[in-house]
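Here are my notes on this model, as numbered points. Please read them with the coordinates open.

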Amino acid sequence: MTENTKSQTIISSSPEKLSLLGWNESFESTAAAADLNGRIARVISVQRNLFLVGDGQEEWLCAPSGRVLKSNNGDYPVTGDWVCANETVVTAVLPRSNILSRAEAGSRYSRNGSITREQPIAANIDTVLIVCGLDRDFNLRRLERYLTLVYNCGLNPVIVLTKADLHDDPEQYVMEVESIAFGVPVILSSMQDERGRSELECYLGQGMTAAMIGSSGAGKSTLANMLYGNDIQATRTVSSSVGKGRHTTTTRELIRMPQGGLLMDNPGIREIAFHEDGHGIENSFADIQELAENCRFADCSHGHEPGCAVLQAVESGELAPERLESYRKMKRELDYLSMRRNKSADRVEKERWKDITMLIRNMKK
Ligand SMILES: Nc1nc2c(ncn2[C@@H]2O[C@H](COP(=O)(O)OP(=O)(O)OP(=O)(O)O)[C@@H](O)[C@H]2O)c(=O)[nH]1
Ligand SMILES: [Mg+2]
Ligand SMILES: [Zn+2]
């Protein structure tokens, strides 16, 4: 393909209109470098094997092309992706600036040694809003997992505490969350008095994309409606709120907001499972990371070693034991994932047996 036709490909969708969906110069140069053929559009939502794509002017449904279908998992379009499409088919997925993904539910328990399957949630995201209700949903340990997940993907988290109206002094929860989420903005919101609206609007300016994650019932769709100024997303009704484990939202969808940006509503997450180690823990547990610099051993696990600065901080009351416990659990999970990635499952298994044999031998001594 000549330079000329390449640039024509891109012009066939109007860049000004595309910018309404978050298109910018950075995507433009990625697209120019790729060998593309078709019209550029963004995936607005995925419905089974069909993609609703839009270019700022119109929206249409496409099926993936054979090539896209055959390509490996990572190339399969997800909501938020920039793609090349004609009237009926998505022909290519543009390189992503980032992807928010986790392990497929249940897959981390798979015992056959296979790598956990990645479940992409969204692509090309500027901010991830971790939505947590100030009701039974509120859980610092869960928030730590969400933060690690988001940092693992190299993304920017913002914590939104919904249902602030349920408390006389919701600020105390903000302080609690701030004590485990250093430097992360924590925003209180309520559908009753539109608290948090202006703070949240900072993440929804022209061309910006924010994605919401959180448990089912946390109030994500309610928040979307509040920010939109109209009921565009269905929310859980009081009568169905007794039905446990029901997800009100079932599709991942990008909503074009009146503020000029895009907001992605998501179904609730049941299990926050990591699919690989992206060193997110270094950000989500920066306090422990810093303390660990003073541990006697460089590879200290902060469990039993002498001269452990982290354990000392727990003893002196500087660090909550639950937080250390949460860190150690996540660290083990992530270490396991990276080990599995680096070695074949077979080798891992062999070594495990070697360790066990050694252990038994030592015990007999
Ligand atoms: N009191 C109070 N209730 C709220 C608030 N926000 C949401 N709720 C209630 O919480 C319930 C769940 O809200 P949804 O917005 O449907 O929750 P969701 O996170 O979208 O849930 P899924 O779509 O299942 O993931 C509904 O009954 C809402 O009315 C709030 O600010 N205050
Ligand atoms: Mg919802
Ligand atoms: Zn230590």
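1. Ser221 sits in helix α8 (residues 220–228) and Thr249 in the loop between α8 and β12 (253–256), so the pair ties together parts that are 28 residues apart in sequence. Helices (H or I, at least four residues) and strands (E, at least two) are DSSP runs, numbered from the N terminus. Donors are N, O and S atoms within 2.8 Å of the metal (3.2 Å for Na, K and Ca); water is not among the atoms, so sites may look incomplete. Ser221 and Thr249 are both buried. Buried means under 20% relative accessible area, exposed over 50%, and partly exposed in between (1.4 Å probe, protein chains only).

2. Basis of the values. This is a predicted model, in which local features need pLDDT of at least 70 and side-chain atom pairs count only at pLDDT 80 or more, while totals for chains, interfaces and linings use all residues. Residues are numbered from 1 along each chain as its sequence is written, chains are lettered from A and ligands numbered from 1 in the order in which they are written, and side-chain values use heavy atoms, with hydrogens and water left out.

3. Of the 21 residues around ligand 1, Asp165, Ser216, Lys220, Thr222 and Thr249 come nearest. A residue counts as near if one of its heavy atoms lies within 4 Å. The shell divides into 4 nonpolar, 12 polar and 5 charged residues. In this scheme Ala, Val, Leu, Ile, Met, Phe, Trp, Tyr, Cys and Pro are nonpolar, Asp, Glu, Lys and Arg are charged, and the others, Gly among them, are polar.

4. Ligand 1, polar contacts. A polar side-chain atom of Thr222 lies 2.5 Å from an oxygen atom of ligand 1. For Met191, a backbone N or O atom is 2.8 Å from a ligand 1 oxygen. A polar backbone atom of Ala218 is 3.3 Å from an oxygen of ligand 1. Taken alone, ligand 1 exposes 660 Å², and the protein buries 89% of that. Areas come from the Shrake-Rupley method with a 1.4 Å probe; for residues, only the protein chains shown count as cover. A polar contact is a pair of N or O atoms within 3.5 Å; within protein, one must be able to donate a hydrogen and the other to accept it, and residues adjacent in sequence count only if both atoms are side-chain atoms.

5. Zinc site. Cys295 (SG), Cys300 (SG), His302 (ND1) and Cys308 (SG) coordinate the zinc ion (ligand 3) at 2.1 to 2.4 Å. Along the chain, the donor spacing is C-x4-C-x1-H-x5-C. The 4 donor atoms subtend angles of 103 to 116°, which makes the arrangement tetrahedral (for four donors, all angles between 85 and 135 degrees). His302 and Cys308 are both buried.

6. Backbone to check. Most residues other than glycine have a negative phi. Glu194 has a positive phi of about 60°. Glu194 lies in the loop between β10 (186–188) and α7 (197–201) and is partly exposed, at 38% relative accessible area. His279 also has a positive phi, near 60°. His279 belongs to the loop between β13 (262–265) and α9 (281–284) and is partly exposed, at 47%.

7. Thr148. This residue is in helix α5 (residues 140–152). Thr148 is buried, with a relative accessible area of 0%. A polar atom of the Thr148 side chain lies 3.0 Å from the backbone oxygen of Glu144.

Key: Tetrahedral: all angles 85-135°; square planar, octahedral: opposite > 155°, others 65-115°.
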